[in-house]
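Thanks for coming, everyone. Let me put the model up, and then we'll walk through it.

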Protein chains: 2
Amino acid sequence: MGTQSDWLKISLGHWRNQALSTHTKTRRVEVALGERSYNIEIGQQLLTDSSLLHALIPANQVMVVTNETIAPLYLDALVKSLGTKQVATCVLPDGEQAKRLDSMLPVFDELLANGFDRDCYLVALGGGVIGDLAGFVAATYQRGVAFVQIPTTLLAMVDSSVGGKTGVNHPCGKNMIGAFHQPKAVIADLDLLSSLPDREFRAGMAEVIKYALLGDAAFLAWLEAHLPEVFARDTEALAYIVERSCQNKAAIVQADEKEAGQRALLNLGHSFGHAIEGATGYGPWLHGEAIAAGMCMALRLSARLSWITAEECARGIALIQRAGLPIEPPSQITPETFLDFMQRDKKNRGGQLRLVLLKGLGNAVVSADYPESALLETLQEYSDG
Amino acid sequence: MGTQSDWLKISLGHWRNQALSTHTKTRRVEVALGERSYNIEIGQQLLTDSSLLHALIPANQVMVVTNETIAPLYLDALVKSLGTKQVATCVLPDGEQAKRLDSMLPVFDELLANGFDRDCYLVALGGGVIGDLAGFVAATYQRGVAFVQIPTTLLAMVDSSVGGKTGVNHPCGKNMIGAFHQPKAVIADLDLLSSLPDREFRAGMAEVIKYALLGDAAFLAWLEAHLPEVFARDTEALAYIVERSCQNKAAIVQADEKEAGQRALLNLGHSFGHAIEGATGYGPWLHGEAIAAGMCMALRLSARLSWITAEECARGIALIQRAGLPIEPPSQITPETFLDFMQRDKKNRGGQLRLVLLKGLGNAVVSADYPESALLETLQEYSDG
């Protein structure tokens, strides 16, 4: 284990050397899943790198799915980079509300209207909503076609574009309808983050902090030391957090692609967070904001169980707060409402609530082995009622 | 290779011996797909065989999906056989029109309203529409749960319930949205065929004849000799055609689960047939009827190419006609309409029409290696225009 400054030197030094050699040099994280393996390419000016795009999107028929916010910024550049391919586009409304089963219909319509066959590629150009939805279309069009993720948000770069979870929401729960369908490649062009609003950037940082809390204590220390560079959107710092987060995610996904066990660790803060999103009607709280508050709740419950110390709990919450993220849920959400939403969580088995909790910073566990009273008391702490 | 009468003796003799020993003894066809392997159980009184059902449906939470025609006949018996499990049911409208993306919503609603988790089982009690739709719900609910097929039609027993193809139609094409998702078991209770209308039974026979034509010349001879027993719904003859068809299908699916090549052979008659269904608006023609006419068109095109003799062509068409099935498409469908629908076929690559044709009875090939003029002439033969 190195010190905090060692981590900075090693990681930023490595990146800097590469960046000096050529401006568009990419860093690569491999997601090793046998015949479903793929690479995450991290770098700058990737969207206009026609040779990279042609190598990663070998099909002639390409359908780009994006949203109304992203389209005016990046769609033309991407289509131009795809050159003489048969390119069709589908521009959906922005926002979590668009992540519905019926939002898939215009994409299917467009695919069929253009006569796209099983050899076509879908490209998801957008954040988590577009990636999840376009990925699910790819999983189900003609029973499965290839797709490539080009994430435009920090959250999508470090989390949702990696790992093959695709799907849409149901009024009764997030991501309740979907499929495991791995992309053929993820292209993380850091330049696209320049257009990302601060609030969205902070929301993405919630997932970055999640990796540190759940399994990477050294990264936690790095983040504590270097948050200012990150929020200044220093390119090298961005490259490092994207790469490090993807490495963490890839390691877990490789060990448990279909979430039979360990992969559920990635849901730290999500049982609580999904309940916040659901109870507030999906939209007022960004996913990352809800997960930030949810992680604080998981920290507090872990401390109540004495699985972490009060100091560790405070340290985790402090980092989340320094990142400008909420550290508690809306006080109007009652414990009953929380439990109602949490009971629909996909991790549950046989009616028992399974939660991701901490047994130390950087050491998460999936557990149903806690007294229900501790959960209730934690929920009551946050509630008006 | 045995003679026709050998086949009858061996197959029916085998079955009769089993049937004598116990009335509910089942025959079993294994679909060997590694960790996705499962058995097709063929027999009588299986729907009321509580111990068999409990063995094959080990979950506590069970959602039975069926339709308005089947529910009054068999739903109560099945629910009773499932005993003390938490059983929910969803009854959909009957018919191909129900095989739409939005027909899945009530099933998702019901699953979530009942708090069903990832360990639940879906049971498809019905024909091909229910099996395809419930299977697709199972493929996508919480990114995939288990399901069991209990086919109630001959077509579903011999074809659609086996092999893991699930999905729904799009206005522009059949089965355009779906997933590969293998069932955990198929329970083919021959007693359920007693309620099947003659027209539906004949439509199922189209798929039975398909197996014979595409790869089982001995079975073709058996069918020619024993069609009367089959249409008298003699239990032993039914058991034999279901078993033999499932063996044929299993062999092909095992060799090519995701239809990278050989599996497309199972689409003999389907490129033409899907066009007939599409051009007539899905409904007036049963799937099996359209496939019957489609197989005759494939036979005629194969003969035109001199890949089979005129006698072989006539022999194939004669069997289809003896089974009371249509041997030509509606003459109002123009060659242009056929081509328009056929161009959306999932087998196509790079805009080229790939068809399943015959190079001998019992020897199908997937090919785009034929003069387009031969296809056009064949289509023109059938057309008014």
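Which residues line the largest cavity? From chain A, they are A:L112, A:G115, A:F116, A:D117, A:Y141 and A:Q142. From chain B, they are B:Q343, B:R344, B:D345 and B:K346.

Some housekeeping. This is a predicted model, where local features need pLDDT of at least 70, side-chain atom pairs count only at pLDDT 80 or more, and totals for chains, interfaces and linings use all residues. Residues are numbered from 1 along each chain as its sequence is written, chains are lettered from A and ligands numbered from 1 in the order in which they are written, and side-chain values use heavy atoms, with hydrogens and water left out.

Back to the empty space. Rolling a probe the size of a water molecule over the atoms shows where empty space is left. On a 1 Å grid over the protein atoms alone, a cavity is a set of points where a 1.4 Å probe fits but cannot get out; a pocket is an open set with protein on both sides within 12 Å along at least five of seven lines; lining residues have an atom within 4 Å of a point. Grid points are joined across faces, edges and corners, and a volume is the space filled by probe spheres set on the points.

There are 5 cavities of 30 Å³ or more. The largest cavity has a volume of about 60 Å³. Its lining splits into 3 nonpolar, 3 polar and 4 charged residues. Nonpolar here means Ala, Val, Leu, Ile, Met, Phe, Trp, Tyr, Cys and Pro; charged means Asp, Glu, Lys and Arg; the others, Gly among them, are polar.

A:Q142 sits in the loop between α5 and β6 (146-151) of chain A. Helices (H or I, at least four residues) and strands (E, at least two) are DSSP runs, numbered from the N terminus. A:Q142 has a positive phi of about 50°, although it is not a glycine. At 2% relative accessibility, A:Q142 is buried. Buried means under 20% relative accessible area, exposed over 50%, partly exposed in between (1.4 Å probe, protein chains only).

A:E259 also has a positive phi, near 60°, and is not a glycine. A:E259 lies in the loop between α9 (235-255) and α10 (270-279) of chain A. A:E259 is buried, at 7%.

Now the largest pocket. What is its volume? About 1900 Å³. It is lined by 49 residues, and A:R36, A:F180, A:K258, B:F180 and B:K258 lie nearest its centre. The elements giving two or more residues to this lining are α5 (128-140) and β8 (173-180) of chain A, plus β8 (173-180) of chain B. By class, the lining has 18 nonpolar, 11 polar and 20 charged residues.

Next, A:A32. It is in the loop between β1 (27-31) and β2 (38-43) of chain A. A:A32 is partly exposed, at 36%. Beyond four places in sequence, A:A32 is in contact (heavy atoms within 4.5 Å) with A:S37 and A:Q254. A:A32 and A:Q254 are 222 residues apart along the chain, yet their C-alpha atoms are separated by 6.1 Å.

Last, confidence. pLDDT is the predictor's confidence in each residue, from 0 to 100. Chain A has a mean pLDDT of 91, and 93% of its residues reach 70 or more. Over residues 1-24 of chain A, pLDDT stays under 50.
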